[in-house]
Amino acid sequence: MSNFQISKKQTGGLFGEITIPPDKSISHRSLIFGAQTGGRIKISNFSFGADCRATLEIIKQLGCSADFIDERTLILTAPKKLQAPASALDCGNSGTSMRLLSGLLASLDFKSTLIGDKSLSGRPMKRVIEPLSLMGAKIKSNNFKAPLEIEGRELTPVQYKSPIASAQVKSCILLAGVNTQGITTVWEDTLSRDHSERMFEYLGAKISTGRDEKGFFTSVEKSQLVPKDIEIAGDISSAAFFMVMAAIVQDSEITIKNVGLNPTRTGILDVFDKMGVNYEILNKQTVSNEPVGDIKVYYSPDLKACEISGDIIPRLIDELPIIAVLAARAGGETTVKDASDLRNKESDRISALASGLKKIGIEIEEKPDGFVISGTNKDFQGGTEVETHLDHRLAMSFFAAGLVSKNPVKINDFIWVNTSFPEFLPLFEKISR
């Protein structure tokens with residue numbers, strides 16, 4: 001893949017059937033949770049993006065082995081006890097790796113250091129360091145940023161009300177809690193992704209979830225996880241780009257197979273309902289405690305603006321850049337609020353998104369916690385050059401905008417798409433007439 005990509009107006013509709021790459025969130029967890037089973041697990045449909053490869057290399061440094069049956073299937077064998085690493089554990093660009101592993105490592109009886117690339121080293125880790133410190137963890141950091149030097153020890157359980165709804169924060173605390181005597185509980189005002197809770201339950205942990213006067217809670221007790229084979233669903237965050245492209249490119253009709261339909265991840269489908277996107281869900285089933293199905297999306301010429309805020313935000317936080325492109329094709333003013341955490345992603349996604357979309361000819365106003373888009377059903381102007389700010393989701397969102405632009409859009413540093421979705425362009429070619 002070259003360091004830039006040209007996206008130009010799609011003159012024919014997008015048509016056909018594709019199978020989306022595996023879910024990164026579940027792939028990370030299959031390794032981190034599987035590493036604690038002390039047994040042998042077959043992991044099917046594993047994501048081989050750079051982020052998940054970073055997690056794989058780390059658990060190997062902790063004493064696990066991984067033998068590949070084919071390009072999507074591996075046999076993970078975990079030792080009875082994880083081992084101290086001989087060198088620093090490199091998370092690359094993966095915030096999920098760093099935040100989740102910090103919880104696990106804090107609860108083990110050895111020292112370790114988590115490092116990352118320049119982008120990850122600038123991202124906030126206070127949100128996991130603080131609750132782990134309340135449990136008695138000893139973590140040295142660079143002003144609450146990586147590298148994280150962790151001196152693992154026996155922890156005490158915590159009753160923690162998370163100031164933000166974050167699956168990474170929640171999962172970090174639960175991973176520490178599953179190795180800690182007593183009951184560890186995390187509360188959130190709004191329910192973040194529950195992949196960890198589902199996998200804990202699937203692998204036999206003592207876990208409970210619910211809602212009380214403090215909010216949504218998850219409690220875990222010290223548990224020995226049991227080895228069970230894991231099949232990973234397709235990633236709805238990756239599917240979202242193709243779903244939106246089909247909705248905005250005239251005469252399109254595509255089916256995306258085997259997509260994860262976890263209710264804490266399907267906020268984009270709620271937005272589709274509000275905006276009037278034509279779609280249907282087929283072949284629903286449950287795989288490794290996760291709901292999956294096929295999503296068929298049709299060109300939707302009569303899109304309507306809406307407000308996106310409140311409880312739905314954690315259920316579509318990663319999809320907001322591509323939702324912004326959808327909103328730009330919807331008649332009226334779409335407002336996104338309560339999404340300030342977008343500023344703490346691979347880039348300041350609010351600022352970088354607004355800058356790029358303005359260049360493409362989209363009317364967008366940046367707000368502290370979101371943005372306002374004045375949409376139109378007309379093609380965008382294009383004829384510009386945009387920066388990805390080393391952010392894969394921005395790169396793919398700008399690519400989608402280019403498909404309905406009068407003039408080509410040059411996207412610099414498009415190579416960062418390899419971080420999460422190396423199959424993006426090949427899959428696009430498959431459905432492009």
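Analyst: Happy to! In helix α6, the buried residues are Ala167, Gln168, Val169, Lys170, Ser171, Cys172, Ile173, Leu174, Leu175, Ala176 and Gly177. Buried means under 20% relative accessible area, with exposed over 50% and partly exposed in between (1.4 Å probe, protein chains only). Helices here are DSSP runs of H or I with at least four residues, strands are runs of E with at least two, and both are numbered from the N terminus.

A word on the basis: this is a predicted model, where local features need pLDDT of at least 70, side-chain atom pairs count only at pLDDT 80 or more, and totals for chains, interfaces and linings use all residues. Residues are numbered from 1 along each chain as its sequence is written, and side-chain values use heavy atoms, leaving out hydrogens and water.

Now for a pair of helices. Ser25, Ile26, Arg29, Ser30 and Phe33 in α1 meet His195, Ser196, Met199 and Phe200 in α7, where contact means heavy atoms within 4.5 Å. By class, this contact has four nonpolar residues, four polar and one charged.

Finally, a pair of strands. β16 (residues 278–287) and β17 (residues 290–298) run antiparallel, joined by eight bridges; strands pair if DSSP finds at least two bridges between them. Asn278 has Tyr298 in β17 as its bridge partner. Two residues lie between the strands of this hairpin, and Ser288 takes a positive phi near 50°.

Key
Ala, Val, Leu, Ile, Met, Phe, Trp, Tyr, Cys and Pro count as nonpolar, Asp, Glu, Lys and Arg as charged, and the others, Gly among them, as polar.
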